[in-house]
Amino acid sequence: MASQDQISLFEFSSPNSKPSPPQGFNPDLIPTDATVPIPAGTYQTMEQMRVHCNQCFRCALGENRTNAVIGRGNVKAPIMVVGEGPGQNEDETGLPFVGKAGQLLDKILASVKLSENDVYICNVVKCRPPRNRDPQPAEIEACKGYLLEQIRMVNPKIILLTGKYAMLTLLGIKQGITKVRGEWVERDGRLYMPIFHPAYLLRNQSREKGSPKWLMWQDIQEVRKKLDEMQGSGE
């Protein structure tokens, strides 16, 4: 991409863009150093963020990425699903949740008639951790500003947190996912629900009452019900 095109991506001239970065802020520094903040209002589109994430070396994960993984789905969806980090399939395609776990997630959403028009899917960290290990605290912190900007831009009513790192990053909850899954948490005008990660469900195939898959079915039905209530009341 030409340097002039990159500069044009970060012009903050939209009359409706609120909040906006501080005067004199240079967004080109964001990918260079994790100590450079990502102020609210830095990005107006996911494409602007994609440019930065594919240039990003705020942590060491950028050294081995094929593609930064930003998100997929409707950028104005009422529901956001936040995972932990990309795997190999995601790194290769640049899209989140496209492997076996992602295929299962799509089936879970479709089971209650939720499509990509209803959901935006992303991860806490945008680059694949080596050997699919858990993201480390410094990596999460370096990437958190990108995630917060995604939440601001999508402005979802409901955020589903798949796995402990999504839950810890956005809610600060350190309990095990099995203890808090399915519970609503209201924060900053949004409803959050921790749910099992689809990869965990792939390792636990039982559908008996009380099994992880059975519990997920209860949770996703509750999400559908809550969304219908919110849309019916005009929220």
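This is a predicted model: local features need pLDDT of at least 70, side-chain atom pairs count only at pLDDT 80 or more; totals for chains, interfaces and linings use all residues.
View 1. Arg131 sits in the loop that runs between strand 3 and helix 5. Phi of Arg131 is positive, at about 55 degrees, although Arg131 is not a glycine. Most residues other than glycine have a negative phi. Asn132 belongs to the loop between strand 3 and helix 5 as well. Asn132 also has a positive phi, near 60 degrees, and is a residue other than glycine. Asn132 is partly exposed, with 45% relative accessible area.

View 2. Strand 5 pairs with strand 6 (residues 190–195) in the antiparallel sense, over three bridges. Arg187 has Arg190 of strand 6 as its bridge partner.

View 3. Side chains of opposite charge can pair when their charged atoms come close. The model has eight salt bridges. One of them joins the side chains of Arg72 and Asp106, at 3.0 Å from N to O. This pair links distant parts of the chain. Arg72 is in strand 1 and Asp106 is in helix 4, 34 residues apart. Arg72 is buried, at 11% relative accessibility. Asp106 is partly exposed, at 32%. Which residues form a network of salt bridges? Arg72, Asp106 and Glu116 are linked in this way.

View 4. The side chains of Asp219 and Arg181 meet at 2.6 Å, N to O. Asp219 lies in helix 9 (residues 212–232). Arg181 lies in the loop between helix 7 (177–180) and strand 5. The two residues are 38 apart in sequence, so the pair ties together separate parts of the chain. Are these residues buried or exposed? Asp219 is buried, because its relative accessibility of 3% falls under the 20% limit. Arg181 is buried too, with a relative accessible area of 16%.

View 5. The side chains of Glu229 and Lys226 meet at 3.6 Å, N to O. Glu229 and Lys226 are three residues apart in helix 9, so about one helical turn separates them. An α-helix has 3.6 residues a turn, so residues three or four places apart point the same way. Glu229 is partly exposed, at 40% relative accessibility.

**View 6. Helix 6 and its surroundings.** Helix 6 (residues 164–171) has eight residues, and six of them are buried, so helix 6 is largely enclosed by the rest of the structure. The buried residues are Tyr165, Ala166, Met167, Thr169, Leu170 and Leu171. They pack against helix 5, helix 7, strand 2, strand 4, strand 5 and strand 6.

**View 7. The contact of helix 5 with helix 6.** Two packed helices are described by the angle between their axes and the distance between the axes. The axes of helix 5 and helix 6 come within 11 Å and cross at roughly 75 degrees. Helix 5 and helix 6 are therefore roughly perpendicular to each other. From helix 5, the contact uses Ile140, Lys144, Leu147, Leu148 and Ile151. From helix 6, the contact uses Tyr165, Thr169 and Leu170. By type, the contact residues are six nonpolar, one polar and one charged.

Definitions and conventions:
Residues are numbered from 1 along each chain as its sequence is written. Side-chain values use heavy atoms; hydrogens and water are left out. Two strands pair if DSSP finds at least two bridges between them. Helices (H or I, at least four residues) and strands (E, at least two) are DSSP runs, numbered from the N terminus. A salt bridge is a side-chain nitrogen of Lys or Arg within 4 Å of a carboxyl oxygen of Asp or Glu. Buried means under 20% relative accessible area, exposed over 50%, partly exposed in between (1.4 Å probe, protein chains only). Contact means heavy atoms within 4.5 Å. Axes are lines fitted to C-alpha atoms, for helices over the stretch in contact, and angles run from 0 to 180 degrees between N-to-C directions. Angles under 35 degrees count as roughly parallel, over 145 as roughly antiparallel, 65 to 115 as roughly perpendicular and the rest as oblique. Ala, Val, Leu, Ile, Met, Phe, Trp, Tyr, Cys and Pro count as nonpolar, Asp, Glu, Lys and Arg as charged, and the others, Gly among them, as polar.
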